[in-house]
Amino acid sequence: MASSIHFLDVKGKPLLSRDYKGDIPSTMLDRFPLLLLENEEANMMQPFIHHQGVNFVYISHKNLYLLAMTKKNDNVMQIVIFLQKVIEVLTEYVKQLEEESIRDNFVVIYELLDEMMDFGCPQVTDSKILKEYITLDYYSLEKHKMLAPPAAVTNSVSWRQEGIFYKKNEAFLDVIESINMLVNSTGQVLHSEILGRVKIKSNLSGMPDLRLGLNDKGIFNEAGSSNAKGIELEDIKFHQCVRLSKFETDRIITFIPPDGEFDLMSYRLTMPLKPLIHVECKFKIHSNSRIEILARVRAQIKRKSTANNVEIMIPIPEDADTPKFKSDGGKIKWKPEESVLVWKFKSFQGGKEYVMKTELGLPSVNDEDVSAGEIFKKKPIKVNFLIPYFTTSGIQVKYLRINEPKLQYQSYPWVRYITENGPDYTIRMK
Amino acid sequence: MSSALEARLRKLFKAPRKGESFELRTGLVSQYAYERKDAIQRVIAAMTVGKDVSALFPDVLKNIATHDIEQKKLVYLYLMNYAKTNPELCILAVNTFVQDTEDPNPLVRALAIRTMGCIRVDKMVDYMDIPLKRTLKDDNPYVRKTGAICVAKLFDLNPEMCVEQGFLQALQDLVADPNPMVVANAVSALAEIQESDPSTQCFQITSKVLKKLLLALNECTEWGRVTILSALSEYESVDQAEAHHIIERVVPQLQHVNTAVVLAGIKTVISHIEKLSSTEYEMYLKKLSSPLVALMSTSPEAQYVGIRNIRVILEKYPQLLSRELRVFYVKYSDPLYLKLEKLEIMVRLANDKNAPLLLSELKEYAMEVDADLVKRAVSAIAQVAIKLPDHAMKAVELLNFLVNQRGDYVVAEAVKVFRDLLRRYKTTEYVDAIVPVVSANWESLDDAEATAAYIWILGEYPQKFTRLDRHLQKLAEGFLEETSVVQLATLNAIVKTNLRAPTANSGNYLQSILNCATSDVENADVRDKAYLYWRLLSSDSGLAAKVLLNTELPPIPSTIALFTPALLAELVSELGTLASVYHKPSYTFTSLIAKAKILRADNIEEIERLAKREIVANAKSENLLDFGDDEEIAAPVASSLDELSDVFGSSSQAPLANSDILGLFGSSGVDSGMNSQAADI
């Protein structure tokens, strides 16, 4: 249980604080910038500092630090995740959480901090529910809502209000798979994983009970049809609305969804994959004059499929200039501020292959420090892409049953599949 | 007249009056509600940026009776912040508070009781008991859950009254509340009270309570689940059936999206798993793998907490995660502290199957630009080599490759680990692979430990060094400028070289070093050692040779640092907490306040003494050299020795009985070797 929560600017100067327990003197907070600096100098930067009996747990968000202080041996995972939740919720309220928006919205931030944590215990952190009774603009809030906290705050279904109504009842289901991949310069895949998530946008009235069927092996075998070709999902994580014990015993995914958009579940799969978008890159440095970069990209997906918005980011030396491009497809841009070449394709058909050649000038004076000029080789090539109508793992939604026992309406589930790059789809240069 | 002009005029007239504070005060007592509200907002804004607006206390207080809930919240916020500066005036607010706890709007009732608990003024406590009792029996669960936490606040302010008025009992009753959120908060409050004063024994899990907790677990919010799971992990199950029952109910939580729930679930399973039958044990242990891996797909900060916990869990259950090496591969975008910690896990997961993959991955890291990562990768390669004999030669080749490719600090790091490798693998094959590399690169060493390592290798294998005289000459010439670590190593090496492979001039060098060490060096250890050698050599060189050369050093089985059993047990029981991140038991860094509270009834001297001890302990912990308290029992001392050797970058944490003591002496091969020889003499 944290003693206090503080918002600080990039130098560690406090912007807004909420002290829950009053057991840590405010002078401790004044030490934080110094401790931060010490930490930085020691080159360690762990987000946990112990100083004279007080523990500083902090995360950074853009140009802010969000800090929790505690004297006890607390559940630190809870504190870290809570701080992230605070950022998530506040971002929902003020769009961009930064110095200025904190100053401008201090009233609502205090209110939220009061509602989200009491005496160091996290309480309500669901922005959908919080919005029901805490808002930036009280005049817009209907009077009757101010008379009581929403029942959902303390209900066992704490994520959905009663009395929601839609004329047309629809549920949109997106299965999105992000591919993380690490490929070395010879094209060998060192690590590949699929991070999948099922997103739902629910426009459903009342308190609907949903049941989702997937072709997951575990789920399917239990259902009896053992000959079906299923896949085995690992690390399945569910939104809090899913009945976990039901899943554990019967392998059935049932839930009452929150209203609007939410991530129903996520999963991970580590299976050997071929790179979907494969890049080969060679470079030649002509000492003191220029560098030649040769790259070849291939979409190793079905011919019928198309990858959209393919972007290949190739690192180049920082001091390179005057680029000359040649390619048989796509557009190449030089981004000197990031020291990369970006090779872009609006759409990229499966099975196609393109080549490009770029020449950049290098300063004729050789840098004394060789390693500085070589840094670019250590940076990996990054690839962004998006492939619609396709999941890499082969996961499929078998059914989405919607049942609202009282209203008994007709409803329409829609399903979409997307494969895209994950945050770590990288190919090593050398 | 335009409004802008009017405003300007008004400013003109007001400016010479008493400034902002005056303006605020006028606003606070204005006859118009909107002006008052605006003024309150500006007061809070000033408070937020750190201005002292406590002088406005009476004026702000006048605005407490309002039906505008937003304004009420702001006034309450102000009260909480400045109550201490005006404790007397706070009492004026009591009436409003008590009234508000009877408001028809549950939001207002909850707000009032929540705020009352936060006004940390002794007098306020006297007025709290009646409203709080009412609150705990409120119809609305939102009010009850706020009341539950308020009991913990009251206990913090005045434990005697809290007990006398029966609030602890009331709180225990709330554990049976039909609403899961109320249950969760009651459990939180009880756990908090129990922690701050264990003698209350207010939170005892009985089979009835257990049933309630397990029931509420599936119903309550994510944070409630964390609370309940933590409570369950503290509970000692009575028999196998009960342990099984608890685990069965907890396992579904491992699939929760909130990582804090997952980790708390893992902790609970681990705390009960030992009671299970062996087949069940295996089954549930396997179920922990995938949630542990899932800890790695979160933000860097949460990943760091996760991975520090994984290190503890892996040491207890090494068979877990043996196939999950890839999850711990370093990502380019990871912060450094996470990268280094990932390497710790990778070397621990090394086995014969994944070794080739692991070594090629480590090679990539060793070719990176970040010096800290590169150094750690080099030592990781050696750790793998020492752990897995079948892959040791490959690793040595890799190290030689890196030395040739990278130079500078990589060489220094490699020489350090070469010393460890030679203590593990003594066959000529290894000696021939390693020593020439050291011999070729010794001149670029500038770090003391690396130099000491090179000198140790020189002393052990002088025959393998080309132009041995030049090496010895350099040692003799530079002897005085070196650090004592290097000087000690030099003494060893020169004596051994003279016995093993005397050259034409080696006797002279020996003489000059011994002279130098006994007459010019200030360090007592170095001088004593020099004298010892001198006497030994001058009395009987045959005996000296026997003593110094025939004593074989024990091979080191592993250079991967382990926790001492006592520390490990402590850390396993503190999973998920700060202790698990620092890898130190909680008593080494939490303040003694909790202990002081128990003694509150005792005399003040005692508290003063505790405070002094706390200061001393804190001073120690700043240096990381935390020995705990002087009177601590043996186990914690051992564990802090363990930390000590961590600090010194221990490379030989062999699980020998005396390894901790060796660790204390700097823990390098040279020195520990020296000590065991000294013991022999």
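Predicted model: local features only at pLDDT ≥ 70, side-chain atom pairs only at ≥ 80, totals over all residues.
We may start with the overall build of chain A. Eight helices and 23 strands make up its secondary structure elements. Along the principal axes, the C-alpha atoms of chain A fill a box of roughly 75 × 65 × 40 Å. Chain A has 430 residues, of which 39% count as buried. Among the contacts in chain A with a separation of 6 or more, 69% are accounted for by residues 24 or more positions apart.

Turning to the interface, chain A contributes 68 residues to the contact and chain B contributes 80 residues. On the side of chain A that touches chain B, helix α2 (residues 76-94) of chain A provides the largest share, with six residues. This side of chain A comprises 34 nonpolar, 22 polar and 12 charged residues.

Helix α22 (residues 371-387) of chain B and helix α24 (residues 408-424) of chain B have axes that come within 9 Å and cross at roughly 15°. Angles under 35 degrees count as roughly parallel, and α22(B) and α24(B) are therefore roughly parallel to each other. Their crossing is right-handed. The residues of α22(B) that meet α24(B) include B:Val374, B:Val378, B:Ala382 and B:Ile386, while those on the α24(B) side include B:Val410, B:Ala414, B:Val417 and B:Leu421. Charged residues also take part, among them B:Lys375 in α22(B) and B:Glu413, B:Asp420 and B:Arg424 in α24(B). By class, the contact of α22(B) with α24(B) holds 11 nonpolar residues, one polar and four charged.

How values were computed: Residues numbered from 1 in each chain as written. Chains lettered and ligands numbered in written order. Axes fitted to C-alpha atoms, helices over the stretch in contact; angles between N-to-C directions. Helix = DSSP H or I, 4+ residues; strand = E, 2+ residues; numbered from the N terminus. Parallel < 35°, antiparallel > 145°, perpendicular 65-115°, else oblique. Left-handed = near helix turned anticlockwise from the far one by under 90°. Contact = placed C-beta atoms within 7 Å. Buried ≥ 20, exposed ≤ 12 C-beta atoms within 10 Å, placed from the backbone.
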